[in-house]
Amino acid sequence: MKFFIDTANLDQIQEAKELGILDGVTTNPSLMAKEGISGQDNILKHYAKICELVSGDVSAEVISTDFEGMVKELEVLKEIAPNIVIKIPMILDGVKALSYCAERDIKTNCTLIFSPGQALIAAKAGATYISPFIGRIDDITWDGVDLVRQIAEMYAVQMFDTEILAASIRNSNHIVQAAIAGADVVTCPLAPIVGLLKHPLTDIGLAKFLADHKKANA
Ligand code: G3P
């Protein structure tokens, strides 16, 4: 399973990169706004900085909701770097844009996936990745991990190549459960990734090893 980091924060991206486990980056308009990045020029420059930091796939989202507007935007975005992936929302014109990209070998990430039906049409349109939002489904007391499981089963039966990129991950258990459910990729902030390595018995065990070593070598 690949690990992407879901942020536009360059320091967080660098920190994840230093762990040696980073396969890519996802962003969205909310995450860009959170970093104070605004205006077309600054947004493009920021994507370029992210692409310089990581060699893996970097999702850059279109803002337009009509097909012509999306194509205009994605034609600019794809020129930023070879590792740019065009993030396209799951709407009717988005499906057209996914097909447009698939015909031209432009990588895509279909975002805002909340049902197996949406995942099916996105795969049929040739999406490279689809992003089911686990946390936001859990927020309304449905089961986000179960959605990943259903999509994984459907893609296996239908032999789709589209990769399941589990998004809206809120905690470390979401990462583990998404992995078990068949996600190809998880994307999340740095904290849930770091949370994976925490266990109190590890801390207790290490403290004991170090104390015993100190005693024996006093
Ligand atoms: O990749 C999508 C993600 O950024 C959404 O996360 O926590 O806003 O639901 P969240």
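Visitor: How many helices and strands are there in the chain?
Guide: This is a predicted model, and its C-alpha atoms fill a box of roughly 75 × 40 × 30 Å, taken along the principal axes. Within the chain the secondary structure comes to 11 helices and 8 strands.

Visitor: What percentage of the residues in the chain are buried?
Guide: The accessible surface of the chain comes to about 11300 Å², and 57% of that surface belongs to carbon and sulfur atoms. A residue is counted as buried when its relative accessible area is under 20%. Of the 218 residues in the chain, the buried share is 46%.

Visitor: Is Ile 37 buried or exposed?
Guide: Ile 37 is found in the loop between helix H2 (29-34) and helix H3 (40-53), and, leaving aside its neighbours within four places in sequence, Ile 37 is in contact with Met 32, Asn 42, Ile 43 and His 46. The C-alpha atom of Ile 37 is also separated by 9.0 Å from that of Ala 8, a residue 29 places away along the chain. Because the relative accessibility of Ile 37 is 17%, Ile 37 counts as buried.

Visitor: Which residues form a nonpolar patch on the surface?
Guide: Ile 21, which is found in the loop between helix H1 (10-18) and strand S2 (24-26), belongs to this patch. A residue in a patch needs over 30% relative accessible area, and Ile 21, at 32%, counts as partly exposed. The patch has about 330 Å² of accessible area together, and its members are Leu 19, Ile 21, Val 194 and Leu 197.

Visitor: What is the phi of Thr 141?
Guide: Most residues other than glycine have a negative phi. Thr 141 lies in the loop between helix H7 (134-139) and helix H8 (144-158), and its relative accessible area of 72% makes Thr 141 exposed. Although Thr 141 is a residue other than glycine, its phi is positive, near 65°.

Visitor: Where does Met 159 lie?
Guide: Met 159 is not a glycine, yet Met 159 has a positive phi of about 55°. Because its relative accessibility is 69%, Met 159 counts as exposed. Its place in the chain is the loop between H8 and strand S7 (163-166).

Visitor: How many Å apart are the mean positions of the positive and negative charges of the chain?
Guide: The chain has 19 positive and 28 negative charges, and a mean position is taken for each of the two sets. These two mean positions are apart by 5 Å.

Methods. Residues numbered from 1 in each chain as written. Predicted model: local features only at pLDDT ≥ 70, side-chain atom pairs only at ≥ 80, totals over all residues. Heavy atoms only, no water. Patch = residues over 30% accessible without salt bridge, like charges linked within 9 Å, V, L, I, M, F, W, Y side chains within 5 Å. Areas by Shrake-Rupley, 256 points an atom, 1.4 Å probe, with all protein chains shown as cover. Salt bridge = Lys/Arg side-chain N within 4 Å of Asp/Glu carboxyl O. Helix = DSSP H or I, 4+ residues; strand = E, 2+ residues; numbered from the N terminus. Buried < 20%, exposed > 50% of the residue type's maximum accessible area, 1.4 Å probe, protein only. Lys, Arg positive; Asp, Glu negative; His and termini not counted. Charge placed at Lys NZ, Arg CZ, Asp CG, Glu CD. Contact = heavy atoms within 4.5 Å.
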